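Welcome! Try each task before you read its solution.

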Amino acid sequence: MFRLMIADDEDAERMGIKFLLNKFGYRFTIREASDGMEALRGLEDFPADILLTDVKMPFLDGIGLAAKVREKYPEIQIIFFSGYDDFEYVKQALSLQAVDYILKPVDPAEFQRVIGRAVKLLQEKETTVQNTGVLKSYVITRLLNQVSYEKLVQENGEGQLLFLKEYTRLILIEFEEDVFGNVISDIKAFCSLVKGAIPGSFDFLDLTPSQGVFFLKAENLEEKHVQELARCIHLIVGKEYQKKCYLAVSARIGEAEGIGNAYRQAEQNLEERFFTRTAISIPVGVWNRQKRRKSVTGSFCRPLKRMWLVMTAIVFAGTWRFF
């Protein structure tokens, strides 16, 4: 269900909007705000898909609200409604990439057309995201199963595989029992859980009921950073799901063609846990370099190291809070 934020300083106007939504059969999760500042604060914990805002409001008007929203939440569909039939307002609305501009008093037929257009745009985007996710899963699975990159380019075209070039490392996670689709039934929630420990964006694919792969995109991840990151993931997953897991970190991925080799290397490292008796495996060459390194520098590593130490202390104290 899509989420809608209604921002208007008049209760009657907000009630009228909800009446029309119900009349035309639109089902939204709705949050209301009586001024622009309240709407802006509300969006922090209510990620709306559509912002329906009046132009003239106290504290922060609709144009100012839309400008801040467009900067902070670029994907939101913005719709203005106002009693001001003024070209200057319309021009500003267009500059903020608004879906449309509705004049008060609101004409029901016009309202239905505008809301319908916004919903259609959201549905099209949702379909595109779903199709992209299916393609990604298909391509990555074949790549990890030793289908060559050249073969995938022939089948799909190089333009469809550009996302592979974003990956800089991968982390393989494996459980002693089947968890994906069982204990961990919501992959999106699982990714949200570990997101705080992973700098930058990433993709995740559950390969089997007991094994999955994190595909990291951050450019500035050195070996030590990734090792500490893996420790954070290990602590988070163990505390949340009460299941024993093992992680293996790959070496840096240079080209898209190297993803398959990076996965097989991580899988081999993971198999060696039976000899090393460790929960986290890293490439041997990386470990030797780290033993020679007496100090860790860099603004990126220090915060991650502090995060790991805090998480460790909290877990051993028997208390959990997600930072």
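**Exercise 1.** Work out in which order the five strands of the open sheet are arranged, and which strands stand at its edges.

*Solution.* In this predicted model, the order is β2-β1-β3-β4-β5, with parallel pairing. Now look at the two ends: β2 (29-33) and β5 (100-103) each have a single partner strand, so one side of each is left without a neighbour in the sheet. From one strand to the next, the twist averages 20 degrees. For a closer look, take β1 (residues 3-7) and β3 (residues 50-54), which are joined by four bridges. Here Leu4 stands opposite Ile50 in β3.

**Exercise 2.** Decide whether Leu161 is buried or exposed.

*Solution.* Start by locating Leu161 in the loop between α6 (149-156) and β6 (169-175). Its relative accessible area is 0%. Buried means under 20%, so Leu161 is buried. Beyond residues up to four places away in sequence, Leu161 touches Val139, Tyr149, Leu152, Val153 and Asn156.

**Exercise 3.** Find which helix gives the largest share of the lining of the largest pocket.

*Solution.* The largest pocket holds about 1400 Å³ of space. Among its 31 lining residues, Lys125, Val129, Lys188, Ser192 and Lys195 are the closest to the centre. The largest share, 10 residues, comes from α5. By class, the lining has 15 nonpolar, seven polar and nine charged residues.

How values were computed: Residues numbered from 1 in each chain as written. Predicted model: local features only at pLDDT ≥ 70, side-chain atom pairs only at ≥ 80, totals over all residues. Heavy atoms only, no water. 1 Å grid on protein atoms, 1.4 Å probe; cavity = no way out; pocket = protein on both sides within 12 Å on 5 of 7 lines; lining within 4 Å. Points joined across faces, edges and corners; volume = space filled by probe spheres on them. Nonpolar A, V, L, I, M, F, W, Y, C, P; charged D, E, K, R; others polar. Buried < 20%, exposed > 50% of the residue type's maximum accessible area, 1.4 Å probe, protein only. Contact = heavy atoms within 4.5 Å. Pairing = 2+ DSSP bridges. Axes fitted to C-alpha atoms, helices over the stretch in contact; angles between N-to-C directions.
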